[in-house]
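Subject: Structure handover

Hello,

Here is the structure for you to take over. My notes on what was found in it follow below.

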Amino acid sequence: MWFFARDPVRDFPFELSPELPEGGPPGPWVLHRGRKKATGSPVSIFVYDVKPGVEEQTQVAKAAFKRLKTLRHPNILAYIDGLETDRCLHIVTEAVTPLGAYLKARAEAGDLRELELSWGLHQIVKALSFLVNDCSLIHNNVCMAAVFVDRAGEWKLGGLDYMYSAQGNGGGPPRKGIPELEQYDPPELADGSGRAVREKWSADMWRLGCLIWEVFNGPLPRAAALRNPGKIPKSLVPHYCELVGANPKVRPNPARFLQNCRAPGGFMNNRFVETNLFLEEIQIKEPAEKQKFFQELSKSLDSFPEDFCRHKVLPQLLTAFEFGSAGAVVLTPLFKVGKFLGAAEYQRKIIPVVVKMFSSTDRAMRIRLLQQMEQFIQYLDEPTVNTQIFPHVVHGFLDTNPAIREQTVKSMLLLAPKLNETNLNVELMKHFARLQAKDEQGPIRCNTTVCLGKIGSYLSAGTRHRVLTSAFSRATKDPFAPSRVAGVLGFAATHNLYSMTDCAHKILPVLCSLTVDPERSVRDQAFKAIRSFLSKLESVSEDPTQLAEAEKDVHAASSPGMGGAAASWAGWAVTGVSSLTSKLIRAHPTAAPAETNVPQRPVPEGLPAPAPVPATPTTSDHWETQEESKDTEEDSTAADRWDDEDWGSLEQEAESVLAQQDNWSTGGQASWAGQTSNPGHKSQESDWSSWEAEDAWEQGWQEPSPPEPPPEGTRLASEYNWGGPEPSDKGDPFAALSVRREAGAQPRRDSWGDDNWEGLEAESRQAKAELARKKREERRREMEAKRAEKKTAKGPMKLGTRKLD
C-alpha cells in the first residue's frame with residue numbers, strides 16, 4: 001500500500017494571486033497579493049524561500065515570523081495566519097501596500113494631503129512608543145520599507161526581522177548585512193560597540209527622523225542629506241531636528257515626541273488627527289460626546305481622504321446606528337460618505353440601514369430621512385420601495401405634527417415613479433383626498449394639490465380621469481388663497497391629460513367662477529388658464545383633424561414623459577422637492593424674468609397660439625405670452641432658482657418644532673400676516689411665462705397655521721405679486737365679492753371615483769351638527785335636573801345656614 005504525504009502549501013487556506021509581487025522590504029521577504037479561498041477576501045502574503053547556505057538569514061526570518069505572530073497592536077501589521085515548512089515561510093496579514101508605492105500613487109493622482117501624513121506619522125510613533133515603553137523592544141529597522149498602508153489609509157509598522165530586547169537578554173542586535181538598511185543606523189553605532197547610546201529609544205528615534213525625511217523628500221541618498229529639512233513642514237522642523245541630532249541624549253522618547261507635536265500649533269494638532277483619536281475611543285465615550293461628534297463630523301468630511309471615509313468613518317457610523325443611541329445625527333454624515341460608494345456597495349451597506357431607519361418611531365429620524373431622500377432614492381429598487389419603505393412613509397400622512405405631514409407629501413414626488421399600481425392609484429390617492437379635504441393646515445392642502453399635479457403623469461388613465469378634475473376643482477373652492485391658485489395651475493400643468501369634452505364641460509366652468517374671486521392672484525391665473533383652454537378648443541374647432549393629436553395623452557398609459565408641462569411649468573420638477581415650501585413664502589419675490597429670459601415652449605403640433613390679449617403681444621409658436629415691453633427694464637436676472645435657494649419654512653425648524661408642538665398655530669399665521677401686509681410692494685405683469693418661473697408659486701408655501709381673522713391693517717393677498725399686472729390707484733372692484741356659484745350651472749362631478757369628496761365635506765358638517773345637538777341635549781337634561789332638585793326641597797331655608805349637598 002502506497003501512502004502519499006499531503007502538501008501543506010496546497011492545503012493552506014490562502015492562495016497567492018497570479019499577479020506580480022508587490023515588492024516589500026529589502027531582504028529575503030517578498031510581498032504578494034492573495035485571497036482567502038473560502039471567502040475570497042483580499043490579504044497580503046509575505047513569502048520567504050529557504051535556501052541552503054543562508055542559515056543565519058533563515059533564523060532572522062523565523063524570528064520575524066514569531067514576533068509578528070505574538071505582537072498585537074492597532075498600529076503594527078496585523079497577523080492573520082502563517083505556514084512554516086522546510087522549504088518556505090508564509091506570513092498572512094491584512095491587505096496592505098508598501099508605503100513607498102502608496103505615496104507615489106497618491107502623489108501622481110494629486111490626492112496626497114498633509115493631514116494624511118500627519119496621522120500616518122502619528123501611528124508609527126505610537127507603535128514605537130508601544131514597543132519601547134510597554135514591551136522594552138528595539139525595532140532596529142524603522143525606515144520607509146518597514147511601513148505599510150491598509151485600505152483605509154492607516155499606516156502599519158512591520159519589518160520586525162531585526163528586533164531585539166532592550167533589556168539585554170537574548171543577545172544584542174542581529175547583524176543586517178544589507179547596505180540599504182544599514183544607512184539608517186545612527187552615527188553613534190559606527191564604531192560597532194554601541195556604547196555611545198544613552199537611551200534605549202535613541203537609535204529608533206534617529207531612524208524615525210530618517211523616515212520623516214523620506215516621507216516628504218523621497219528616498220534618502222545618504223546620511224548627510226538629513227541636515228537639509230527640504231520639504232518638511234515648518235511646524236515639524238524643530239521636532240525633526242531633535243530626532244537627527246548628533247547627541248543621542250537629546251532625542252526624545254516617542255511618547256514625548258507625540259506630546260510635542262500635538263501641542264497647539266503643532267504638526268499633529270488638526271481636525272483629522274482629533275477625529276481619528278475619537279474614533280479609536282468611541283466605544284468608551286459618553287452618549288452626549290458621540291452626539292456632538294457626529295453633528296460636527298459632516299463639516300470635516302470634505303477635507304478627509306476618500307478611503308478614510310469609506311473604510312473607517314462609514315463602519316463607525318453604521319455601528320453607532322446599529323448598536324448605539326446616535327439616532328438621527330448619523331444620517332447627514334452617513335449620506336455624505338455614501339457619495340464615495342459605488343452602486344453595488346451602496347446597496348450592500350447603506351440601503352439596509354435606510355430601510356431599517358424608516359421603521360423608526362423617532363420623529364427626528366423620520367423627518368431627516370424625508371428631507372434627504374434625494375440622496376438615496378436612486379439606489380432604491382421598486383420592490384424595496386413598495387414593500388419596505390412606502391408602508392412606513394404613509395404613516396406620516398396621519399401624523400399630528402404638520403412638519404411630518406408636509407415632508408411626507410413632498411416625498412411622494414420622488415417615490416411616485418417607483419410605486420406599483422395599488423400603492424399609487426389607490427392607497428396614495430386615498431391619503432391625498434383626505435389631506436386636501438380635511439387637513440386643518442392650508443399650506444399642506446396647497447402642497448397636496450401641487451404634488452398631485454406633479455405626479456399626475458404617473459397615474460393610470462382611469463385614475464387620472466377620475467381624480468385630477470375633481471381634485472383640482474375642490475382646490476379652487478379652498479378658503480386658503482394659494483390652494484385656489486394651486487388648483488388653477490394644476491389644471492394648466494396637466495392640460496394634455498383632459499379630453500376636449502372635459503375641458504368644455506368640467507374645467508372651464510370651474511375656472512370661470514374664479515374670475516370673480518376676491519383674490520387678485522387667483523383671478524389672474526384663472527384668466528390665463530381660460531385663455532389657454534379656449535385657444536385649444538378653438539384650434540380643434542377650426543380643424544377637427546387635430547382632435548386625435550390634442551387628446552393623444554388622455555388615454556395613454558402612465559409615463560413620466562407624458563407630463564411635459566407638469567414637469568417644467570412653474571418649477572414642477574422633482575429636483576425641487578427639497579424646497580417646495582420656502583419658495584412661496586419669501587417676503588420679497590423677485591421680478592419676473594424679462595422677455596429674453598423666458599423659456600419658449602412650443603405649442604403642440606397643429607395647434608395655433610392663444611388668442612391675442614390687449615396690451616400683451618403674443619407669438620404663434622408657444623403657449624405663453626411674452627412680457628410687456630416695460631418689463632424689459634426690470635431685473636432680468638430672476639431665473640428659475642428652485643434648487644439654488646435656501647429651503648426655509650418647516651424644514652429649517654423641524655427639530656425645534658418637534659419639541660414644541662403647541663407653537664405651530666401661532667407661527668404660521670404671523671408669517672402669513674407679515675407677508676400680506678407689505679403696502680410698498682407692487683405686483684408685476686406676467687402671463688403664462690410666469691408659470692415657468694418661480695414667482696407664480698413663491699408666496700403660497702408657508703408654515704401651517706389654523707385659519708384666523710387677519711390682524712387689523714392686513715392687506716389682501718391680491719396686493720402682492722402672484723405674477724399679475726401692476727395694480728392701479730383705483731380700488732379693486734372684486735375685493736368685496738365672494739365666489740359666486742350660478743344656480744343653473746351644469747352639475748359637476750366632485751368625486752375621486754370611489755372616494756366621495758362631496759361626501760367627505762357632508763360627513764364633516766353632519767358630524768359637527770350631531771355633536772352640537774348632543775351638547776344641547778345634555779345641557780337641557782342638566783337644567784331640568786336642577787329645576788327638579790329645587791322643587792323637591794322641603795321648607796324654607798333659614799338665613800345664615802349653609803346648604804348641604
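To begin with one residue, Leu277 is part of helix H9, which covers residues 271–280. Please keep in mind throughout that this is a predicted model. Leaving aside residues up to four places away in sequence, Leu277 is in contact with Trp119, His122 and Arg262.

On the overall makeup: the protein has 805 residues, of which 51% count as buried. Its secondary structure consists of 29 helices and 12 strands.

Two helix pairs were examined.

The first topic is H19 and H21. Helix H19 spans residues 442–455 and helix H21 spans residues 481–493; their axes come within 8 Å and cross at roughly 5°. Angles under 35 degrees count as roughly parallel, so H19 and H21 are roughly parallel to each other. On the H19 side, the contact is formed by Gly442, Arg445, Cys446, Thr449 and Val450, and on the H21 side by Pro482, Ser483, Ala486 and Gly487. Sorted by class, this contact between H19 and H21 comprises four nonpolar, four polar and one charged residues.

The other pair is H12 and H15. Helix H12 (residues 331–338) packs against helix H15 (residues 363–371) at an angle of about 30°, and the axes are 10 Å apart. That angle makes H12 roughly parallel to H15. The crossing of H12 and H15 is right-handed. H12 contributes Leu331, Thr332 and Phe335 to the contact, while H15 contributes Met365, Arg368 and Leu369. By class, the residues in the contact of H12 with H15 are four nonpolar, one polar and one charged.

Last, the cysteines. How many disulfides does a search of the whole structure find? The search finds zero. For two of the cysteines, Cys241 and Cys446, accessibility was also computed. Cys446, which is one of the H19 residues in the contact with H21, has a relative accessibility of 1% and therefore counts as buried. Cys241 has a relative accessibility of 41%, so Cys241 counts as partly exposed.

Regards

Methods
Residues are numbered from 1 along each chain as its sequence is written. This is a predicted model: local features need pLDDT of at least 70, side-chain atom pairs count only at pLDDT 80 or more; totals for chains, interfaces and linings use all residues. Side-chain values use heavy atoms; hydrogens and water are left out. Axes are lines fitted to C-alpha atoms, for helices over the stretch in contact, and angles run from 0 to 180 degrees between N-to-C directions. Helices (H or I, at least four residues) and strands (E, at least two) are DSSP runs, numbered from the N terminus. Angles under 35 degrees count as roughly parallel, over 145 as roughly antiparallel, 65 to 115 as roughly perpendicular and the rest as oblique. A crossing is left-handed if the near helix is turned anticlockwise from the far one by less than a right angle, and right-handed if clockwise. Contact means heavy atoms within 4.5 Å. Ala, Val, Leu, Ile, Met, Phe, Trp, Tyr, Cys and Pro count as nonpolar, Asp, Glu, Lys and Arg as charged, and the others, Gly among them, as polar. A disulfide is a pair of cysteine sulfur atoms within 2.5 Å. Buried means under 20% relative accessible area, exposed over 50%, partly exposed in between (1.4 Å probe, protein chains only).
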